[in-house]
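Hi,

Here is the structure I promised to pass on. Please open it first, then read my notes below.

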Amino acid sequence: MNLESNPSTALSPEAIAQLVKGHREFLAFLERRVESRAVAEDILQAAFTRGLERGGDVQDEKVVAWFYRVLRNAVIDHYRQRSTTARAMEAWGREFPDVQEPEAELRQEICRCVSGLLETLKPEYREALRIVDLEEGKLKDLAQQSGITAENAAVRVHRARAALRRRIEQACGTCSVHGCLDCSCETADGEPCSG
């Protein structure tokens with residue numbers, strides 16, 4: 001919100017000066033109530049912004065008390081949000097069972113199928129997937145070997161995975177979506193997989 005466009009909702013210059021003067025006390029108040037100074041600073045910054053936009057009705061002599069109420073509400077909101085986020089992450093984690101490795105025979109079949117499709121990709125995509133996914137390397141490894149930046153390596157891996165995904169969908173049809181064990185995919189040479 002632009003303060004100049006609606007001055008009736010903005011704090012007076014005197015009230016702003018009082019808030020600026022109390023910055024250290026406000027920060028100390030927040031630090032005692034949240035987990036870190038960084039979080040306290042973030043909450044204080046957001047509260048200052050909110051206060052500057054909405055504090056026009058507050059009398060100058062009551063601005064500090066009003067701002068402490070704003071800070072208390074901001075701390076409550078912070079913990080509500082953390083609690084909601086933690087519950088959501090916990091529920092999300094319960095949705096996924098422990099990772100299970102496929103049986104060696106199935107894994108080998110998958111690797112044969114994907115390896116054949118991998119050969120149909122552009123060489124730089126093939127190399128990116130080999131280094132990062134198959135050899136479990138890091139993006140910096142790909143960047144060094146390819147002579148590109150880490151950011152470009154990340155983009156290349158993303159595009160390579162998307163290209164491989166499209167190729168798998170073309171070759172395997174619904175098997176790629178539903179994970180059929182009775183695979184009727186075509187290999188790179190047009191022959192069906194033996195899965």
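**What L44 touches**

Leaving aside residues up to four places away in sequence, L44 is in contact with H23, F26, L27, L30, F67 and L71. Keep in mind that this is a predicted model.

The background is simple: in soluble globular proteins, nonpolar side chains tend to be buried together.

**Aromatic pairs**

How many aromatic pairs does a search of the whole structure find? The search gives six.

Take F29 and Y68. Their ring centres are 5.1 Å apart and their planes sit at 75°, so this pair is edge-to-face. The pair joins distant parts of the chain: F29 is in helix α2 (residues 23-31) and Y68 is in helix α4 (residues 63-95), 39 residues apart. Y68 has 22%, so Y68 counts as partly exposed; the cut-off for buried is under 20%.

Now F48 and F67. This aromatic pair is stacked, with 5.1 Å from centre to centre and 20° between the planes. It also links distant parts of the chain: F48 is in helix α3 (residues 37-54) and F67 in helix α4, 19 residues apart. F48 is at 14% relative accessibility and therefore counts as buried. F67 is at 0%, so F67 counts as buried too.

Which residues do the ring pairs link into a cluster? They are F26, F29, F48, W66, F67 and Y68. Two of these names, F26 and F67, are also on the contact list of L44.

**Further along the chain**

K122 lies over the face of Y125, 4.7 Å from the ring centre.

Helix α8 (residues 150-172) has 23 residues. From its first C-alpha to its last it reaches 32 Å, close to the 33 Å expected at 1.5 Å a residue. The buried residues of α8 are A153, V157, A160, A162, A163, L164, A171 and C172.

Best wishes

Note on methods
Residues are numbered from 1 along each chain as its sequence is written. This is a predicted model: local features need pLDDT of at least 70, side-chain atom pairs count only at pLDDT 80 or more; totals for chains, interfaces and linings use all residues. Side-chain values use heavy atoms; hydrogens and water are left out. Rings of Phe, Tyr and Trp (its six-membered ring) pair if their centres lie within 6.5 Å; planes under 30 degrees apart count as stacked, over 60 as edge-to-face and the rest as tilted. Helices (H or I, at least four residues) and strands (E, at least two) are DSSP runs, numbered from the N terminus. Buried means under 20% relative accessible area, exposed over 50%, partly exposed in between (1.4 Å probe, protein chains only). A charge sits over a ring if NZ of Lys or CZ of Arg is within 6 Å of the ring centre and within 35 degrees of the ring normal. The expected span of a helix is 1.5 Å times one less than its number of residues. Contact means heavy atoms within 4.5 Å.
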